Amino acid sequence: MAEENDSSQEKSEEPTERKLEKAREEGNVARSRELNTSAVLLAGAVSLLMFGPSLAESLMGIMKFTFGFDRQASWDTIVAMRYLEASIFDALITLVPMFAVLLIAAFFGPIALGGWNFSTKTLAPKGSRMNPLSGIKRMFSMNSLVELLKSWGKVLIVGTVSVIALFGLKNDFISMVFEPTEPAVKHASIVLAWTFLIICASTLIIAAADIPFQIYSHTKKLRMTMQEIKEEYKNTEGKPEVKSKIRQLQREMANRRMMSDVPDADVVITNPTHFAVALKYEPNVMPAPVLLAKGIDDTALKIREIAGEYNIPVMEIPPLARSVYYHTKIGDEIPEGLYIAVAQVLAYVFQIEQWRKGRGPKPDRKPDFPIPPDLREDDRPLQ
């Protein structure tokens with residue numbers, strides 16, 4: 001138990017991306033109830049400000065219609081029910097725009113912090129929620145203290161803003177007494193809407209303080225120990241010996257694919273024993289010669305063996321073999337600085353083939369294959 005406590009106290013590392021993603025999959029994201037409340041209240045205040053005058057006018061019309069029937073009809077229950085049904089329908093139609101605004105706010109308010117997230121795991125029953133000891137612990141936790149401070153803050157801020165707003169609009173309230181009924185109702189709706197908006201806007205102060213706390217609390221709850229980070233890395237990336245084996249298999253597969261391309265080569269250039277590179281060039285297809293395969297030691301020997309099986313010309317040009325090996329990746333074109341040297345190699349190979357077929361004279365000697373100084377690797381150690 002002591003070891004568990006020590007490990008829990010050592011959770012000083014920020015959560016990894018994998019930890020955050022897993023928490024999100026479980027429905028554990030930062031949320032702010034104060035932000036949700038402020039969004040709904042402000043949406044209601046704005047909608048009341050937008051639709052308040054028309055809403056007041058519609059409600060006055062409904063009241064006139066409801067109480068405007070004659071005395072004879074008041075004794076007829078069927079007529080009274082029809083009046084009631086019509087009044088309820090008109091009231092609902094009048095309130096639809098306001099309800100729509102509130103519905104949108106109620107939907108987007110919760111996802112303003114943490115984004116959209118749906119997980120059925122949060123609906124699963126948990127024994128810790130029904131444990132009395134856990135409940136008592138939560139009652140005296142830091143979160144409970146923060147909630148208590150927020151409640152006091154809401155009462156203080158909203159109460160102060162309400163008093164200021166009411167005193168600021170007292171002249172409007174007094175002037176309504178001297179106005180006719182209909183203008184007074186419209187005036188009252190506007191004053192009420194602005195008062196409600198100001199009071200609701202004050203809740204943003206609490207939300208602004210609550211959002212950073214919720215983010216901090218959420219991150220703190222997901223903090224990890226160094227051992228947890230190491231275990232996660234092993235589980236995600238794999239153990240070192242497994243990764244080494246995977247890399248070895250990948251190298252073997254790449255070598256097999258590379259060796260399968262050697263029979264298509266036009267020439268193999270060697271060091272003569274340590275290096276071997278296989279080049280191919282199709283004048284009408286390729287802008288420059290392409291490296292099909294390369295290798296050192298055993299791989300170089302295998303390239304030479306395949307070249308012998310398929311009668312591919314093999315030339316011993318150590319400086320050029322080393323330069324192509326170190327400066328060209330498999331499947332890429334050779335560097336521009338080696339164009340002349342490789343072109344002379346291909347031309348020499350072509351002359352040899354023509355001589356063997358009896359179509360030309362035997363070349364006297366190998367030409368000089370110029371290699372730029374910046375591409376020479378004569379003194380580079382074997383890798």
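Which residue of E4 does Thr270 stand opposite? To find out, select strand E1, residues 267-270, and strand E4, residues 314-316; strands (E, at least two residues) and helices (H or I, at least four) are DSSP runs numbered from the N terminus. Thr270 stands opposite Glu316.

Before moving on, note that this is a predicted model, where local features need pLDDT of at least 70, side-chain atom pairs count only at pLDDT 80 or more, and totals for chains, interfaces and linings use all residues. Residues are numbered from 1 along each chain as its sequence is written, and side-chain values use heavy atoms, with hydrogens and water left out.

**Stop 1: around E1**

E1 and E4 are parallel, with 3 bridges between them; strands pair if DSSP finds at least two bridges. A hairpin of 4 residues connects the two strands, and Val268 stands opposite Ala278. Show the E1 side chains: Val267 and Ile269 point one way, Val268 and Thr270 the other, and all are buried (under 20% relative accessible area, with exposed over 50% and partly exposed in between; 1.4 Å probe, protein chains only).

**Stop 2: the salt bridges**

Here a salt bridge is a side-chain nitrogen of Lys or Arg within 4 Å of a carboxyl oxygen of Asp or Glu, and the count is 4. Select Lys150 and Asp210, which meet at 2.7 Å, N to O. Lys150 lies in helix H8 and Asp210 in helix H11 (residues 203-221), 60 residues apart. Both are buried.

Finish with Glu282 and Lys280, a salt bridge at 3.3 Å, N to O. Lys280 is buried at 16%, whereas Glu282 counts as partly exposed at 30%.
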